[in-house]
Amino acid sequence: MCVRPCCFCQELEHQFSPSRWSHRMSADDVIRAHVAAVRSGTEKARSITQTLLDIPYGDGDGEKLDVYVPSSSSPDVPLVIYFHGGYWQFLRSDPSHSPHKGVVVVAVGYSIAPKGNMDLMVSQVRRSVVSVIQQYSHISGLYLCGHSAGAHLAAMVLSTDWAQYDISPQIKGALLVSGIYDLQPILSTYVNEPLKMTEEVALRNSPSHFLSQLKLSSASCDIIVAVAQNDSPEFRKQSEEYFKALESAGLKVSFEDVPNTDHFNIIEQLVDENYHLTKVSCS
């Protein structure tokens, strides 16, 4: 229960409502357009790749992988694991970009709220990475990409103590797009209603609190923290502060402030090989 002044809580609600900050269209319209764009991207990916759907990485209903393999790819290929957004309670494991230049894309499903909670989702995405490594040991490089809630989950994967999994994944790169890296501010907002996080849960699942572990687990990873020009000030602040913290910790990190984008089309445009974020993530 929030004990802060109502005006403060209302402002937080506004800050964590990405659709209200788009300059392209109304809040409702931008969400509908995003869902349509994601669906279109998935259909395109399925039309140009060899597709393996609902590959289990665990026993849970939501623990499934969708694998997109370019027809022209060689056995020794880079592989991108994609974690979808949707505030941990919407959307599904659709890729937000089609595979480019012989890249395999694995879209990860996880148990969104209210069925799943934050501890479970973080555990699931970590186990999904273990499963991918075990199934695709021949790949030339492992990369992560996540948008919004998915960027949070990708950052938690980078911050994993892999000793408990008896594996040491060599993650070469990670693209974190418009993510949330400190969960505490959302505790008193509508976002937390289905998640039901306590402060303790928020703390142990906030990437900003695990920089030391990230440095141990992912020191050689090239990390890109990206944010949209028209993301809310709070989203922009979270990305800027996380980037600065990673940089101060001596990690290999760069920051991309993507012009003329909002929280949604910053990821939708990854279908375009000429899009700036696509180019920097593939370089």
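Modeller: I shall call a residue buried if its relative accessible area is under 20%, exposed if that value is over 50%, and partly exposed in between, with a 1.4 Å probe and protein chains only. This is a predicted model, in which local features need pLDDT of at least 70 and side-chain atom pairs count only at pLDDT 80 or more, while totals for chains, interfaces and linings use all residues. Residues are numbered from 1 along each chain as its sequence is written, and side-chain values use heavy atoms, with hydrogens and water left out.

E63 counts as buried because its relative accessibility is 5%. Its side chain reaches the backbone nitrogen of D59 at 3.1 Å, which falls under the definition of a polar contact: a pair of N or O atoms within 3.5 Å, where, within protein, one must be able to donate a hydrogen and the other to accept it, and residues adjacent in sequence count only if both atoms are side-chain atoms. If residues up to four places away in sequence are set aside, E63 touches I55, P56, Y57, G58, G109, Q124 and R127, a contact being heavy atoms within 4.5 Å.

S148, in the loop between β5 (141-147) and α4 (149-158), has a positive phi of about 60° although it is not a glycine, and S148 counts as buried because its relative accessibility is 6%. K196 also has a positive phi, near 55°, in a residue other than glycine; K196 belongs to the loop between α5 (192-195) and α6 (199-204), and its 65% relative accessibility is why it counts as exposed. In the loop between β4 (104-108) and α3 (118-135) lies P114, and the peptide bond that leads from A113 to P114 is cis, with omega near 5°.

Helix α3 holds V132, which has 0% relative accessibility and therefore counts as buried. Leaving aside neighbours within four places in sequence, V132 is in contact with L65, L79, I81 and V106. In helix α8 (residues 233-248), by contrast, lies K244, whose relative accessibility of 51% makes it count as exposed.

As for the whole protein, there are 10 helices and 8 strands. The radius of gyration is 18 Å, close to the 19 Å that the globule rule gives for 283 residues, so the protein is as compact as a globular protein of that length; that radius is taken over C-alpha atoms, and the rule is 2.2 Å times the number of residues to the power 0.38. Along its principal axes the C-alpha trace spans about 60 × 40 × 40 Å. E63 is thus one of the residues that count as buried, a group that makes up 54% of the 283 residues. Among contacts between residues at least 6 apart in sequence, 74% join residues at least 24 apart.

Notes. Helix = DSSP H or I, 4+ residues; strand = E, 2+ residues; numbered from the N terminus.
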